[in-house]
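Subject: Structure for you to look at

Hello,

Please find the structure we talked about below.

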Amino acid sequence: KEIGDIFVNEADKKRLLGKIGAGVAVDRFEAILRRGEGAPVRCQVNAQLMDFIGEPSLVLGLHLVPSDE
């Protein structure tokens, strides 16, 4: 899967990838993502581009946001 495949909302994906593409580290970006089986889940995303052995690499941290149940 590609990184964009996990986003439920296309606008969220574009905003996050736009910031990362501009070299901005992203902290606590809230988005609805898809679990492996396809169910939606609300997450906070932390993301940053880094150099790994001479190759640009995307480092992600995901934190599930508890539901208000």
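Two strands are said to pair if DSSP finds at least two bridges between them. Helices (H or I, at least four residues) and strands (E, at least two) are themselves DSSP runs, numbered from the N terminus. With that in hand, β1 and β2 form a hairpin with 5 residues between them, and Gly-38 in that turn has a positive phi of about 105°.

Some notes on the source come next. This is a predicted model, in which local features need pLDDT of at least 70 and side-chain atom pairs count only at pLDDT 80 or more, while totals for chains, interfaces and linings use all residues. Residues are numbered from 1 along each chain as its sequence is written, and side-chain values use heavy atoms, with hydrogens and water left out.

Overall picture

The protein has 1 helix and 3 strands, and along the sequence they follow the pattern α-β-β-β. Its C-alpha atoms fill a box of roughly 45 × 25 × 20 Å, taken along the principal axes. Of the 69 residues, 22% are buried; buried means under 20% relative accessible area, exposed over 50%, and partly exposed in between, using a 1.4 Å probe and protein chains only. A contact means heavy atoms within 4.5 Å. Among contacts with a separation of 6 or more, 25% are between residues 24 or more positions apart.

β1 and β2 pair over 7 bridges in the antiparallel sense, and Arg-34 stands opposite Pro-40 in β2. β2 and β3 pair, also antiparallel, over 10 bridges.

Helix α1 covers residues 10-21. The expected span of a helix is 1.5 Å times one less than its number of residues. For the 12 residues of α1 that gives 16 Å, and the end C-alpha atoms are 16 Å apart, which agrees.

At the start of α1, a side-chain oxygen of Asn-9 reaches to within 2.7 Å of the backbone nitrogen of Ala-11. This is judged as a polar contact, a pair of N or O atoms within 3.5 Å; within protein, one must be able to donate a hydrogen and the other to accept it, and residues adjacent in sequence count only if both atoms are side-chain atoms. Just after α1, Gly-23 takes a positive phi of about 85°.

Which residues of α1 are buried? They are Asp-12, Lys-13, Leu-16 and Ile-20. Seen down the axis of α1, these buried residues fall within an arc of 100°, so they line one face of the helix. The arc is that of the directions from the helix axis to the C-beta atoms. An α-helix has 3.6 residues a turn, so residues three or four places apart point the same way.

What covers the buried residues of α1 includes β1 (26-34), β2 (40-52) and β3 (55-64). Asp-12 counts as buried at 11% relative accessibility. Leaving out residues up to four places away in sequence, Asp-12 touches Phe-7, Phe-29, Glu-30, Ala-31 and Ile-32.

The face turned away from the buried side carries the exposed residues Lys-14 and Gly-21. Lys-14 has a relative accessible area of 57%.

Before the helix

Gly-4 is in the segment before α1. Is Gly-4 buried or exposed? Gly-4 is buried, with a relative accessible area of 18%.

Regards
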